[in-house]
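User: Hi! I have a model open and would like to go through it with you. Could you take my questions as they come?

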Amino acid sequence: MMAMADAGELWRRATAVLPGGVNSPVRSFRGVGGEPFFARAGEGAYLIAEDGRRFLDFVMGYGPLILGHAHPAVVEAVREQAARGIGFGVPTEAEVALAESLTAAIGPLEVVRLVNSGTEATMSALRVARAATGRELVVKFAGSYHGHHDSLLIKAGSGAATVGVPDSAGVPAAMAALTLTVPYNDVEALTALFRERGPEIAAVILEPVAGNMGTVPPSPEFLEAVRTLSREAGALFIADEVMTGFRVAWGGATELFGLDPDLICLAKVVGAGLPLGVYGGRRMYMDLVAPAGPVYQAGTFAGNPLAVAAGRAQLTAIGGAAFYPPLEQKTRYLAEGLVDRGRRRGLAVAANVAGGMFTLFFRPTPPRNFEEVQASDRERYARFFHGMLEQGIFFPPSQFETAFLSSAHSLDDLERTIRAADAVFARI
Ligand SMILES: *Cc1c(COP(=O)(O)O)cnc(C)c1O
């Protein structure tokens with residue numbers, strides 16, 4: 001029997017040395033004993049806590065683990081690479097091979113740069129867009145998240161299309177003033193904004209399926225408007241596929257919806273759980289990046305051999321487009337099962353699904369933008385989260401987070417989840 005650490009004691013130690021006890025705010029949820037559980041291991045669809053509890057996991061590292069925890073092919077690739085060296089500071093064949101696979105999988109990706117996170121990818125893509133256009137304004141959509149750097153940690157002010165306000169203390173108002181915010185799926189507001197400020201706009205950055213307000217799919221007219229308006233204004237269209245890349249389809253949302261972005265950002269699935277981000281796109285833009293061009297961007301760990309090995313192994317194991325229909329089918333089965341049970345218990349519930357991502361919303365209809373997500377019964381979501389956790393099932397702690405499935409989730413796992421949810425719905 002392994003010595004088991006008590007979660008309360010670990011939490012006391014954590015809060016003494018980490019801000020709020022965690023290294024990323026979403027991890028700071030109140031679990032069964034009032035503190036989050038601490039992970040000791042992951043096996044397929046399951047997380048095993050330090051105190052020995054097992055949780056069926058629908059968070060999956062917030063997206064990267066599309067094959068489940070500790071997939072043997074990924075583990076072996078990392079082990080094999082680690083034995084040969086962990087970081088070199090010179091180019092490797094493996095990073096070239098990964099770049100080749102990415103450019104083969106996603107049409108508009110002609111040239112890519114590897115970085116260490118999604119945040120770095122969007123930060124760098126914006127710099128390229130500003131350099132390419134000689135303009136400074138960027139447009140984002142309310143409720144979207146693109147990482148924690150100053151240009152994009154911006155929330156909407158009040159009104160249809162607004163100059164953003166900092167979404168964090170410490171973000172300069174001068175930076176926030178360069179980021180304009182429009183409601184998701186709002187063609188009219190976007191059109192009006194471009195009419196007014198089009199010639200000043202460097203880029204529109206879009207989550208082609210929103211995932212950071214919970215899952216919210218785009219309307220076809222909205223996607224069309226983003227592409228057309230940005231092109232007409234001479235602004236770049238940046239698809240932030242950090243969550244959707246290799247998650248909703250092999251070629252991401254770009255392929256799924258036939259998009260034609262100028263730049264694309266990836267992370268999460270592409271790194272298989274290791275820190276790896278990617279930005280890339282048309283050669284004419286990526287040739288602006290140093291040392292090919294004047295846009296400076298660098299990284300000691302960029303193209304790290306362990307992250308590259310993990311990413312390549314995961315993409316190889318996924319294998320291609322055929323992986324995704326069964327994943328989406330499972331995701332729909334679970335989402336529809338949950339909605340059905342919830343409604344039979346008299347609750348207002350609805351779900352949005354895209355590939356291996358979904359969110360159960362406590363409201364009568366699937367939301368189409370952040371305002372509608374915010375109108376969900378978030379307290380009921382919190383009771384759902386806690387009820388499920390007590391039954392050993394780990395859902396995202398917040399109504400604003402997407403749930404993820406992996407190929408490791410079995411039909412039995414889904415049936416058990418639906419049964420557990422039925423019992424929880426009866427008392428929330
Ligand atoms: C997670 C996420 C990011 C940030 O990525 P990090 O690796 O956490 O920095 C950016 N954009 C989207 C759409 C994301 O889902």
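User: How do strand S1 and strand S2 run, and how many bridges join them?

Analyst: Strand S1 (residues 39–43) and strand S2 (residues 46–49) run antiparallel, joined by 4 bridges. Strands here are DSSP runs of E with at least two residues, helices are runs of H or I with at least four residues, and both are numbered from the N terminus. Two strands pair if DSSP finds at least two bridges between them. Gly42 stands opposite Leu47 in S2.

User: What do S1 and S2 form?

Analyst: They form a hairpin with 2 residues between them, and Gly44 in the turn has a positive phi of about 60 degrees. Keep in mind that this is a predicted model, where local features need pLDDT of at least 70 and side-chain atom pairs count only at pLDDT 80 or more, while totals for chains, interfaces and linings use all residues. Residues are numbered from 1 along each chain as its sequence is written, and side-chain values use heavy atoms, with hydrogens and water left out.

User: Thanks! Which residue other than glycine has a positive phi?

Analyst: Asn185 is one of them, with phi near 65 degrees. Asn185 sits in the loop between strand S9 (179–182) and helix H6 (187–197).

User: Changing topic: what is the strand order in the sheet of 8 strands?

Analyst: The order is S4-S13-S12-S11-S10-S5-S9-S7, in an open sheet with mixed pairing.

User: Why is one side of S4 and of S7 left without a neighbour in the sheet?

Analyst: Strand S4 (111–115) and strand S7 (162–163) stand at the edges and each has a single partner strand, so one side of each has no neighbour in the sheet. Elsewhere in the sheet, strand S11 (residues 236–240) and strand S12 (residues 263–266) pair in the parallel sense over 3 bridges, and Ile238 stands opposite Leu263 in S12.

User: Now the ligand. Which residues surround it?

Analyst: Among them are Ser117, Thr119, Tyr145, His146, Glu207, Asp240 and Lys268, where being near means having a heavy atom within 4 Å of the molecule.

User: And how far is the ligand from the side chains of Asp240 and Lys268?

Analyst: A nitrogen atom of the ligand is 2.7 Å from an N or O atom in the Asp240 side chain. For Lys268, an oxygen atom of the ligand is 2.6 Å from a side-chain N or O atom. The protein covers 83% of the 380 Å² of accessible area that the ligand has on its own (Shrake-Rupley method, 1.4 Å probe).

User: Last one: where is the cis peptide bond?

Analyst: It joins Ala290 and Pro291, with omega about 5 degrees. Pro291 lies in the loop between helix H9 (283–286) and helix H10 (305–318).

Key: Polar contact = N/O pair within 3.5 Å; in protein donor to acceptor, adjacent residues only side chain to side chain.
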